[in-house]
Amino acid sequence: MYIIIYDFGTSSVKTCLFEIDSKVKLVASSSADYNLYITDNGGAEQNTEEWWDAICSTTKKLFELSDVKPEQIKGLAFCSQMQGTVLVDKKGNAVRPPMNYLDQKGVKEYKECMGRGLIKVSGCNLYKLLRNLRVNYAGSVSAKDPVWKYKWVENNEPDVFEKTYKWLDVGDYLLARCTGRIVRTADTAFATFLYDTRKGKEGWNKGLLKMYKINPKHMPEIVDSTDMVAGLTAKAAQDLGLVEGIPVFGGGGDTTFVNIGAGCTRPGDTHIYIGTSGWVSTFMDHQTVDLNAMITGVLSAKKGYFNYYAELETAGKCIDWALQHIALDDVGVYAGKAIRTDSDGIEIDIFDYLEAEAGKVSPGANGVLFTPWLHGNRCPFEDSNARGMFFNISINNEKRDLLRATLEGICYHYRWLLECLMKKTETSDSIRFVGGGSLSPVLCQMLADITGRTIETVDNPREVGAAGCAIMVAAGVKQVDMIELSKQLVKTNHIYVPNDENKEAYDKNYEIFKQLYKTNKSNFHKINS
């Protein structure tokens, strides 16, 4: 069975052709970039036509890279970035540029709504927070949350707001463009924190809509991620180079399917993801929240289940930054070069080479610590003013130390998030590590040593969300249970056991790492607010 999944990220789409048989096999993939437009007022916007052009070109490329024919495709879905805001008219056309999840233009709207009141928790109006928590164990406590993007448009672009028919997320817009149906999947609806998760009451909560002054008419029909929404329209099929009528499933957000693709399908199963962003997540059969640490249980693709999810906004992005800006010129490598040639004339990928150089540095990076907060932070503290820094550089440190410190800093933050999760739920002894960074043996061993947990990896780690989404589509086509199908198809391929010899060095630096935000919070505010 052949399935197409669009792994739709912050700045690029990776269109994946999967074969589902005795395992999940990636037959071919094609990527294309689109822009993220950052503005001085905190905006982070995108262009729908750039999205669509990227999807069309990559879909056609799949058939150039494989022997599969368009008529062999049995289903497709989107696994996309979440917490965006796409306002559309009755035809499904965007009435303004979509706002990415990083957009924080709505700071004023957030403060005016949540910052007022005599009694506050984490800087938020206690009454409003409690109402939200009672409905869905969550709340719009960050200026980056979708409701403040929506309110910003209402307050600053009344003409655009007047044209709005429905409020969608990124994947929902693309779903509408493929099928003609304007709907929201339940997971993206939950990501607005206006969705009621209580059993028997699932759907838009009228009380929350009224409290935040949201127009109920803007809220679309809700479908499940596993629903077959409609067949591919003739126009979309022509643009994509596919066959009209191919079943298009609801799909959903990137966080929704990663646990399925990672094989974390039993309550308590925990995975760590590293892409542009990163997170630690535990699969649960109930919902909970930790307001102090900004962690909540988001909807899973499986109805009635949740992913207790703690986010790091810049994880792999920190590695990209280090590769681009820390040129290891003392070993003959410069930032911006994709490859280098070794003494035997063999070309080496720059990430692999720099990873090897970081591996030459002893655990603890010779005293250097790095904070991976290049675009602020969300968990376990919410602060858009927080930034990355190298701490404790001495005259004896080399650039290799800085590169290793970057990797260790990401792992320290993952350990922090893991310990926060443990306050509310049990986590598995073995943790699945997925995402592009999990291809690095150095980083996998480092994560095992720093967390003290056995780290497992799986096939298709870069496409783990897309693989989970493909399992969902295959389950829908075959009419079988998605969780059971995941258990059958996803297996461990490598295991990394903690090295106790490194524990002392890492534990010492980790305790210092946790203090760096507290001791620099006021300075971050003075410089960046």
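Which residues line the second largest cavity?

1. In this predicted model, the lining of the second largest cavity is made up of Phe-78, Ser-80, Gly-171, Asp-172, Thr-185, Thr-188, Gly-250, Gly-251, Gly-252 and Gly-253. Two or more of these residues come from each of β6 (73-80), α6 and β17 (252-253).

2. The second largest cavity holds about 40 Å³ of space. By class, its lining comprises 8 polar residues, 1 nonpolar and 1 charged.

3. The number of cavities of 30 Å³ or more is 3. The largest cavity has about 60 Å³ of space. Ile-319, Ala-322, Leu-323, Phe-351, Leu-354, Glu-355, Leu-403, Thr-406 and Leu-407 line the largest cavity, and the elements that contribute two or more residues to this lining are α11 (316-325), α12 (350-359) and α13 (399-422).

4. Sorted by class, the lining of the largest cavity consists of 7 nonpolar residues, 1 polar and 1 charged. For the second largest cavity, the corresponding counts are 1 nonpolar, 8 polar and 1 charged.

5. Helix α6 (residues 170-179) also packs against another helix: its axis and that of α1 (residues 48-65) come within 12 Å and cross at roughly 65 degrees. The crossing of α1 and α6 is right-handed. On the α1 side, the contact involves Thr-48, Glu-49, Trp-51, Trp-52 and Ile-55; on the α6 side, Val-170, Tyr-173, Leu-174, Arg-177 and Cys-178 take part. The contact residues of the two helices fall into 7 nonpolar, 1 polar and 2 charged.

Definitions and conventions:
Residues numbered from 1 in each chain as written. Predicted model: local features only at pLDDT ≥ 70, side-chain atom pairs only at ≥ 80, totals over all residues. Heavy atoms only, no water. Axes fitted to C-alpha atoms, helices over the stretch in contact; angles between N-to-C directions. Helix = DSSP H or I, 4+ residues; strand = E, 2+ residues; numbered from the N terminus. Left-handed = near helix turned anticlockwise from the far one by under 90°. Contact = heavy atoms within 4.5 Å. Nonpolar A, V, L, I, M, F, W, Y, C, P; charged D, E, K, R; others polar. 1 Å grid on protein atoms, 1.4 Å probe; cavity = no way out; pocket = protein on both sides within 12 Å on 5 of 7 lines; lining within 4 Å. Points joined across faces, edges and corners; volume = space filled by probe spheres on them.
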